[in-house]
Amino acid sequence: MKRKATRNALLYAGVVLTCAILVFPIYWLIVTALSEPSQLRQLPPSFWPAEPRWGVFGQIIAERPILLWLGNSALAAIGAVAISMVVSVLAGYSLSRFKLRGGQSLGLFILTAKMLPATLLVIPLFGIFRSLELIGSLWSIILAHATLIIPFTTWMLKGYFDTIPRELEQAAMVDGCSPLGAMVRVILPISAPGLAATALYGFVLSWSDYAYARTFLTNAQGNWTANLGITTMKGEYISNWSDISAASILVALPILAIYLVLERYLVGGLTAGAEK
Amino acid sequence: MAGIRIDSITKSYGGLTVLKGFSLDIADGEFVVLVGPSGCGKSTMLKILAGLEEASSGTISIGDRNVTDLAPGDRDIAMVFQNYALYPHLSVRRNMGFGLKMRGTDAGEIDRRVADAAKILGIDHLLDRRPRALSGGQRQRVALGRAIVREPQAFLMDEPLSNLDAKLRVHTRAEISALHKRLRVTTIYVTHDQTEAMTMADRIVIMKDGVIQQIASPEVMFRKPANLFVAGFIGSPGMNFLKAKAQASGGGATAKLFGHDVVLPVANADALAGKEIVVGLRPEHIAAGPGQISFTVTPRLIESLGSEQYVYVDLPEEHRRETVSAGEDEARRSALIARLINPEPGPPGETLTLSFDPARLHVFDAASGEAIR
Amino acid sequence: MPRSAFLDLARPSRRHWLGYLLLAPAVLLIALIIVYPLFVSVDLSFQNVNIARLDQPRRPFTTANYERLFASEEFWNACWVTFKLVTIVSFFCFLLGLGTALLVNNRFKGQTLARLLVALPWAIPEVIAVVIFAWLFDSSFGLMNWLFIRLGLVDQTTNWFSSPEAAFAVVCTVMVWKGYPFVSIMMLAGLQSIPEDFYNAAKVDGARAWQRLLHITIPSLMPVIGVTLVLVMLWVFRDFSIIYVLTGGGPLKATQSLSIMTYEQAFGFFKMGYASAIGVITLIVCVIASRLMIARAPDNI
């Protein structure tokens, strides 16, 4: 019994210490945002501001076009996710259910496309978008982000559809649905959590992009995304770390929220009652 | 309701042929069971019948309609799946009414028919639950209910009992039989369990490697198996097989079994002389104590089930077959099992006299496996 | 409910048509935004192009870009930097990822919270991670300078971004911090798929904790480890944002990986033909690596 208590104490100490160290940078981001810029130049540093300035978020929203950047990021992400989801729901379903000639090689190609470096694709895409006069437009990054998202979502959805027993759509077809009807009336409603998780994942991919936004949007200030905006703040000749940190928190917040949601949703499966 | 005609259906995946010319006529209202070991093609046949898979060749008619390339929904059949395949996002009521709704039946009619079916199956109190809130047995009933609500030309059932525990399985088996007597809908039932086949079927179709081995009523299937495979598959424990050599003797044929010259129950004795044969003897046709042909053994093992005993005996070397067919228990090659009803409790390890009636023997050609009568 | 015989995709003989139909949009879109650009990219690498313009006639075929590339010291330096990055970052990502996964895989109160926290950096966009660490390693008021002086590791404030070694170390730190949660998440999933019975059997057989780790945990995780390793290495190999925003490849090209060099040549010096040549090299590496992974992937990952 005593050994067990020692083991538990060690375990807790290990967990707390590890979490503290690994999460500290995020904590420090918050502390920095809430501190007066002058306080940041004091040594030794204080690990919690004496008077947290909670108003900092309202202040930078007023002073900087943060909301515009966030809006652009959201538009780009929603656009890219919408295109990608339509395409990958259909393709993922087909890859999961039909054994087609060529289907497997397409799957493998998509898997490989997941590994393509953005710095490779960005050059020809730049040329293509220039011809189409899309440089500076949000459409450029919507399409570019689709190249990032489609490979991921197609494979995630194929995997998700694979977990749904085929008998469900077979039953629906015997009940009088067309194959497409079976997909729309039975498979898609059951897949709602999977679809949501996949879409959120796509959102994260788009939201996190910097390379494409930097390349296509740098000269179009009105279309800057959040990541691009943040880096320009960092590039200013006197970095106001307090403001940058506050802006960074606003940019990271949606992804943090998605992370908390994804954790929960990916686990529970709605199909649990369909079998056995 | 209608009869079903299946004509020379074949199915191959690339080079692999899983159905080799399957033909079967099913009468209106008949209960036909397709039975066989896994991989015999029985489930594939059912899926082709349902229109869920495409046949490589052959035709299927339901009633007088050729449905070979008709959509599953246009065949007017209902199917019960092994995993029930209940729609998890719909209530029991909407699960059962889904097929009718797809066919444009009006809501009042759907409600009435769902309520009727639910009453028959005793699930009226579950109608507003989701499938995941039901027990396995309840889900099974809902799956049945979803099929009967449709009032289709035929029911197709794919191992519907295999996910139930043993006790519930026996109970539901009887219920499905009763349901069939009541509704008289043509039913094709797929299972790997010979007990289900024997207890439920009007006719059994026994399959192996995509080929029909025998089509017969349970009674005939048991008494006159067409070949070694059928003989070994039907009955529990399975038939004992003894290798022997047939000899002609005075108009009849005999074989030496346990040291006795035993007259074989065959009509055409002449063709048999000198042939390698396999003699089959069902465990329940072996009796304790002396009889027409008696032999003494030392049991290797006695399993007592109370009202009956399984006595395991080492088969003499000369009766052992060289190989057993695929799917058969290798241990059966060297063992003889006797099933004794209401036996005298005797201490194990002692010798025991067993006997059998030679008229009960089955004779098979050792090379082809076909029955010889 | 009769349907027109030809268009009835529910018929057994027509059903595979639907499969192709469903794939069509994906194939079309992928052809347009991935395959076609890839071809353009390879094509550009064999031309002397400064700024890619598709509406102008193709320049003559030349292998000059590749010849220049293989003769360039900068390219080999970038290869070496990339190699160092991939090795060091992957190693520490694994150390930290596997360690944290094993730690929170124990049963204790607050396990769910610990799991959430341990993988939290996954949820921080790369650019934000760079902001955090750029401030932590700030040359004048950064916390790290203070900490290092307090610990006596250095005696005066360091400018982390002007020394090649220090900048490289900071880049590695950020990448490890951003990269380990992925390993941790993958390992946790792998750990949870190991049947409890394996451990019980081993306990009955008298195996100690480290023996169980060595003989059950690690071998059972091997397939996941393989795939994860390739994915992490590819991520480091391809990564652009972290290095570009943190150091821009400097100082003295000490952190200029192949990705950064590609980008700099294309959009810094507008030598897109030359940059495409580097891109094609990285593409070949990525394809080989992903093929390796697919060959040994346990399932569809």
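Leaving aside residues up to four places away in sequence, T119(A) touches A211(A) in its own chain, and F240(C), S259(C), T262(C), Y263(C) and G279(C) in chain C. Along chain A, T119(A) and Y212(A) stand 93 residues apart, and the separation of their C-alpha atoms is 8.7 Å.

The contact between chain A and chain C involves 77 residues of chain A and 74 residues of chain C. On the side of chain C that touches chain A, the most is given by helix α1 of chain C (residues 15-45), which contributes 18 residues. By class, this side of chain C consists of 56 nonpolar, 13 polar and five charged residues.

Chain A is also in contact with chain B, through 20 residues of chain A and 23 residues of chain B. Two helices of chain A, α8 (167-174) and α9 (179-190), each provide at least two residues of the side of chain A that touches chain B. The largest share of that side, amounting to six residues, is supplied by α8(A). In terms of residue class, the side of chain A facing this contact with chain B comprises 12 nonpolar, four polar and four charged residues.

As regards the confidence of the prediction, chain A has a mean pLDDT of 86, with 93% of its residues reaching 70 or more. Over residues 266-276 of chain A, however, pLDDT stays under 50, and for this stretch the model has 28 contacts beyond four places in sequence.

Turning to chain B, eight helices and 22 strands are assigned, and the C-alpha atoms of the chain fill a box of roughly 75 × 45 × 35 Å along the principal axes. Of the 373 residues in chain B, 43% are buried. Among the contacts in chain B with a separation of 6 or more, 67% are accounted for by residues 24 or more positions apart.

Six strands of chain B form an open sheet with mixed pairing, in the order β6-β7-β8-β3-β9-β10. Its edge strands are β6 (77-80) and β10 (211-216) of chain B, each of which pairs on one side only. With direction ignored, neighbouring strands of this sheet are turned by 15° against each other on average. Strand β9 of chain B (residues 203-208) runs antiparallel to β10(B), and the two are joined by five bridges. Within this pair, K208(B) has V211(B) in β10(B) as its bridge partner.

A further antiparallel pairing in chain B links strand β18 (residues 308-314) to β19(B) over seven bridges. Here, the bridge partner of Q309(B) in β19(B) is L340(B). Strand β19 of chain B, which spans residues 335-341, has five buried residues out of seven and is therefore largely enclosed by the rest of the structure. In general, the side chains of a regular strand alternate between the two faces of the sheet.

Methods
Residues are numbered from 1 along each chain as its sequence is written. Chains are lettered from A and ligands numbered from 1 in the order in which they are written. This is a predicted model: local features need pLDDT of at least 70, side-chain atom pairs count only at pLDDT 80 or more; totals for chains, interfaces and linings use all residues. Two residues are in contact if their C-beta atoms, placed from the backbone, lie within 7 Å. Helices (H or I, at least four residues) and strands (E, at least two) are DSSP runs, numbered from the N terminus. Ala, Val, Leu, Ile, Met, Phe, Trp, Tyr, Cys and Pro count as nonpolar, Asp, Glu, Lys and Arg as charged, and the others, Gly among them, as polar. Two strands pair if DSSP finds at least two bridges between them. Axes are lines fitted to C-alpha atoms, for helices over the stretch in contact, and angles run from 0 to 180 degrees between N-to-C directions. pLDDT is the predictor's confidence in each residue, from 0 to 100. A residue is buried if 20 or more other C-beta atoms lie within 10 Å of its own, exposed if 12 or fewer, and partly exposed in between; C-beta atoms are placed from the backbone.
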